[in-house]
Each structure stands twice: as structure tokens, then as C-alpha cells.
Amino acid sequence: SPARIAHPDYRAKLMSADDAASLIGPGAVVGMSGFTGAGYPKAVPQALARRMEAAHAAGNPYAIKVWTGASTGPELDGALARAKGIDFRLPYNSDPLVREQINAGTVQYFDMHLSQVAPVAWQGFLGPLDVALVEVSAILPDGSVVPSSSVGNNKTWLDRAGKIILEVNSWQHEALHGMHDIYYGTALPPHRRPIPLVHPNDRIGQPTFRIDPAKVVAVVATDTPDRNAPFKAPDDAARAIAGHLLQFFGHEVKMGRLPASLLPIQSGVGNIANAVLNGLMDSPFEPMTAYTEVLQDGMLDLLAAGKLAMASATAFSLSPDAAEALNGEMHRYRDRIVLRPQEISNHPELVRRLGCLAMNGMIEADLYGNVNSTHLMGSRIQNGIGGSGDFARNAYISIFMAPSLAKGGAISTIVPQVSHVDHIDQDVQVIVTDQGLADLRGLSPKQRAEQVIANCVHPTYRDQLSDYYARALRDSYGKHSPSLLDEALSWHQRFVQTGTMRAG
Ligand code: 0RQ
């Protein structure tokens with residue numbers, strides 16, 4: 001409602017979504033808000049999609065380049081993709097239709113480390129940004145702007161864009177004000193300084209965005225919920241993975257390698273990651289902290305139960321039920337949640353300093369602990385690398401997890417060689433499947449392979465993998481990371497040709 005737009009200059013720019021969309025022309029580069037289905041603009045992208053469809057019906061081209069924080073919702077990526085209105089996308093996508101268009105070869109997709117988007121934009125490699133289209137939760141009487149349920153790259157888009165369109169969403173809770181920490185201290189080399197954050201709870205910036213009002217060309221009022229997808233209830237495999245991981249943490253505490261309250265946890269996207277958070281509910285570790293990218297349902301439960309003292313992230317990633325529940329109790333949580341720009345939530349300097357325990361999902365891992373987080377059969381993108389690389393390389397312990405089987409057993413997620421590498425073996429310390437956990441720290445490639453075969457691969461693929469490894473040990477060109485070049489990807493090729501990785 002206009003009540004959320006408390007500054008007269010901004011109120012004077014109030015207009016319909018259709019009018020605002022007419023300010024985004026064909027070929028425009030648009031930096032939009034949105035991170036894992038939270039805080040994305042909901043009205044203007046749909047109005048823009050209608051304009052694109054009308055233009056296409058009249059035989060005129062109309063597509064734009066879309067930059068975001070990460071994934072968004074059906075009203076943004078879904079609507080623009082249906083209108084065939086995206087010709088370039090960065091840095092992360094999980095919308096099924098956009099995924100289809102990327103894999104069909106019609107949309108160009110630049111899949112990036114999420115911490116690097118803002119610095120790379122400042123470095124100028126992405127070219128100019130025409131428009132920032134950003135959802136916010138309020139414009140205050142002094143003209144300062146309160147962020148929404150995600151921060152993402154919004155600070156950078158607002159600073160760099162030639163013009164700004166704001167969607168002021170009154171569905172977003174007013175008590176979000178004060179939860180954000182917008183750090184304005186980043187710079188380009190040679191002027192970079194240490195980022196003064198030493199605890200996940202530290203606030204080093206300000207609660208609102210600074211905006212040049214002269215750049216604001218439109219303000220649109222909305223009142224629509226964020227649309228995050230609900231999580232699948234943890235299945236047996238997810239619960240088994242959580243169990244192995246909790247046992248590992250317990251052992252590390254006992255050995256004196258981790259404090260009893262652990263170190264700041266980072267938990268990735270997806271159903272498995274959420275299941276692990278559920279598992280932490282019944283663990284002895286407390287009070288934990290989280291320095292992570294997204295705050296999922298499981299993390300909210302940990303906060304509510306007091307197991308988690310506080311959480312730092314760049315966005316919420318809540319199921320619709322959890323989002324409503326949070327909105328009902330925002331005052332209870334707001335001092336214990338900090339939302340930051342993604343270049344800070346995922347900053348390698350900070351992940352290394354804090355010693356995060358990084359827990360991310362994967363598509364597949366190989367004998368030596370290389371991990372593929374992004375591509376099916378080496379070529380079809382699933383989502384993107386997201387923040388997994390930001391955290392994995394710099395974590396105190398870098399953990400990757402997946403069920404040992406996919407597609408009803410036609411696929412083994414433990415393979416002779418990954419079909420695409422996102423995380424090299426040096427960045428992967430622990431691999432967990434429902435079968436067990438392989439602690440690869442301090443091991444050579446051959447020692448790693450033994451652990452992975454013994455603990456991670458599903459029994460239906462164990463003999464097949466052992467057989468490959470034994471022959472590789474015997475026949476490989478080198479015996480450091482034994483590999484049979486003509487066979488290393490044969491499991492994938494067999495799946496593509498026959499629908500299963502199973503031999504014989
Ligand atoms: O496909 O839905 O069609 O059946 O991939 O797999 O098992 O539901 O797993 O939801 O945990 O996602 C890696 C994709 C895992 C996610 C990935 C198929 C499987 C299913 C999903 P269907 P699951 P999850 C940053 C964290 C990269 C970004 C990241 C991801 C679908 O974790 O996107 O880490 N990670 N961000 O059937 C073929 C295989 C497969 C396979 C799974 N080997 N081959 N298909 N699938 N394995 C940091 C943060 O803090 C957020």
C-alpha cells in the first residue's frame with residue numbers, strides 16, 4: 001500500500017506495473033532482486049512478459065538480459081521464460097522453464113560463484129546495467145529504503161544501474177526493518193581493505209540502502225507473497241545422510257577438533273541440506289551459529305528451539321507455511337537473523353576466517369573426491385554452482401552429500417570420474433551418502449578411492465566400481481590418480497544410450 005511509501009518524491013513516482021514495464025525496452029540489461037524465491041519483483045516482470053508476448057505476436061523481437069541474486073520465482077523467471085523474453089541469464093537459476101531453454105540452447109547462461117557477481121559487475125566485465133528492478137519492503141520518511149526478504153546483489157544493482165524501478169511489497173513484514181546489514185565498505189583493488197567481521201553476529205554496515213532518488217523512474221506498490229517451493233519431507237536416504245553427518249560431528253568434538261557448539265554452519269540448497277538441519281534438532285550441539293547463504297525451514301526451527309543462537313544469510317528460503325509462520329512471529333526472530341549482501345554472506349575471506357562447516361548437495365562425486373554440483377551427464381545444467389564454491393574452498397570442513405542412487409537406481413551418484421567438475425578434490429574433504437561417510441582429509445588419491453568405495457557407493461554399484469578401480473590400478477598410464485581414459489565416463493555414456501549406468 002502507499003502507506004509503505006513514506007517519502008513524497010517516491011510517492012510522486014507511483015505508477016502501475018504496466019507503465020513501469022514500458023520503461024524496460026528490448027535488449028535492456030536488468031539487474032533484478034531475488035534470491036531462492038525470496039524478495040524478487042513480482043508485478044513488473046509479469047507486465048513486461050505481457051508486453052513481450054504482444055510484441056512477439058506483432059512480429060517484433062523483445063527480450064532482455066536478466067541478472068539477479070540467485071533463483072527467483074514463477075512470476076519472474078517463469079513468466080519471462082514463457083514469453084521467450086530472456087536471452088541471457090546470470091548467475092543462478094532453478095526455474096524449470098528457464099532450465100529447459102538453457103538446455104535447449106536458446107538462452108545463454110553465465111553460471112557464477114555467487115560471491116563474485118558484485119565484484120565482477122564493479123570490475124566492468126559484465127558491461128553496463130541499464131535498469132535495477134528491486135523489491136523493497138518500505139521507503140521511510142527520510143527516503144532511505146528498507147530491503148525485502150533477500151538482499152542478494154541489490155546494493156550493487158541500485159548503485160550501478162542507470163535507472164531504478166522499485167516494487168514496494170507490503171506483504172513483506174515491517175519488522176524486517178533492522179534485520180539487514182548493508183555493508184558499503186567494498187572497493188576495487190588496490191583499495192580493498194579487510195572486512196571487519198569476526199563473528200557471524202557482527203553488524204558492519206547499515207540497515208537500509210542508499211539510493212540516488214534522481215535515478216528512480218518508477219515505484220510500484222505490490223502485496224504478494226514470496227513463492228518458495230515447499231521442501232520434500234526427509235526420506236530414508238536424507239535421514240541416513242543426516243545421521244552419518246551428525247555422528248561425524250560428534251566424533252570431531254570428541255577428538256577436540258571442533259568445539260562442542262561446532263563452528264558456524266553453512267547449509268546449501270535442496271532437500272538433503274534441509275534434512276540435515278532437521279537432524280541437528282536432536283543433536284547435542286549448542287548454541288550453534290550459522291554463517292550461510294540461505295535460511296531454510298530447518299534453520300528457522302533450530303532458531304525457534306534455541307539450538308541455533310543466530311543466523312547470518314543473504315535470503316530466506318522458506319516453504320510457504322514457514323514464510324507465513326515467520327511473518328506471524330517476526331519480532332521473535334529479528335535480533336537473531338542478519339541478512340547481508342551476497343558478496344558478504346559468501347565472502348571467501350569471511351568463510352575462511354570464521355571456519356564455516358560447509359554442507360552442500362551434489363549431483364555426483366568420483367573415486368578421488370571431485371564433485372559435480374551442476375551438470376547431469378556432463379552437459380545438462382540442473383541449477384548452477386551457486387555459493388557452493390565460495391564455501392567449499394574456504395571452509396573449515398567442506399562436506400558434500402547426496403543419496404547414493406538417483407532415478408530409481410538407474411544412476412549411481414558415485415562414479416569412476418565426474419562428468420563435470422565444480423569442486424576439485426582439494427576442495428572436498430568429506431563425502432556423505434545414505435551408505436556412509438568418507439573422511440578424505442589428509443589422504444592421497446588412492447587412499448581416498450578406498451574410502452569412497454568402502455563407505456559411499458551403493459551396494460548395487462560397488463562391484464562395478466571396485467572392478468573399474470582394480471583395472472585402473474593395474475593399467476593406468478600413471479598410478480597417482482589411476483584412470484582408464486577410454487572408460488572413465490562410460491557409465492554416463494551407458495546411461496545416455498540405455499537409460500541405466502548398470503553394466504551387463
Ligand atoms: O531430479 O527432481 O527430476 O527427480 O537432481 O536432486 O536428490 O532432490 O537433491 O534437492 O538436494 O539438490 C546438487 C541439485 C541437489 C543442489 C543439487 C537429480 C534428482 C532430482 C535434485 P528430479 P535431489 P537436492 C550454496 C548451495 C548446487 C548449488 C549449491 C544444487 C534433482 O544441491 O543445486 O550447492 N547444488 N548451492 O533426480 C542425474 C545424478 C543426479 C541427478 C541428482 N547424479 N544424475 N540426476 N539428480 N543426482 C550455498 C548455500 O548456502 C545455498
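**View 1. E329 and its salt-bridge partner R332.** E329 is partly exposed, with a relative accessible area of 33% (buried is under 20%, exposed over 50% and partly exposed in between, using a 1.4 Å probe and protein chains only). Its side chain meets that of R332 in a salt bridge, 2.6 Å from N to O (a Lys or Arg side-chain nitrogen within 4 Å of an Asp or Glu carboxyl oxygen). R332 is also partly exposed, at 44%. Please keep in mind that this is a predicted model, in which local features need pLDDT of at least 70 and side-chain atom pairs count only at pLDDT 80 or more, while totals for chains, interfaces and linings use all residues. Residues are numbered from 1 along each chain as its sequence is written, and side-chain values use heavy atoms, without hydrogens or water.

**View 2. K65 and D87 bridge two strands.** The closest N and O atoms of this salt bridge are 3.5 Å apart. K65 lies in β2 (residues 64–67) and D87 in β3 (residues 86–90), so the pair links distant parts of the chain, 22 residues apart (strands are DSSP runs of E, at least two residues; helices are runs of H or I, at least four; both are numbered from the N terminus).

**View 3. D467 and R471 pair within helix α17.** Their side chains meet in a salt bridge at 3.2 Å, N to O. Being four residues apart, they are separated by about one helical turn.

**View 4. The buried face of helix α16.** P445, R448, A449, V452 and I453 are the buried residues here.
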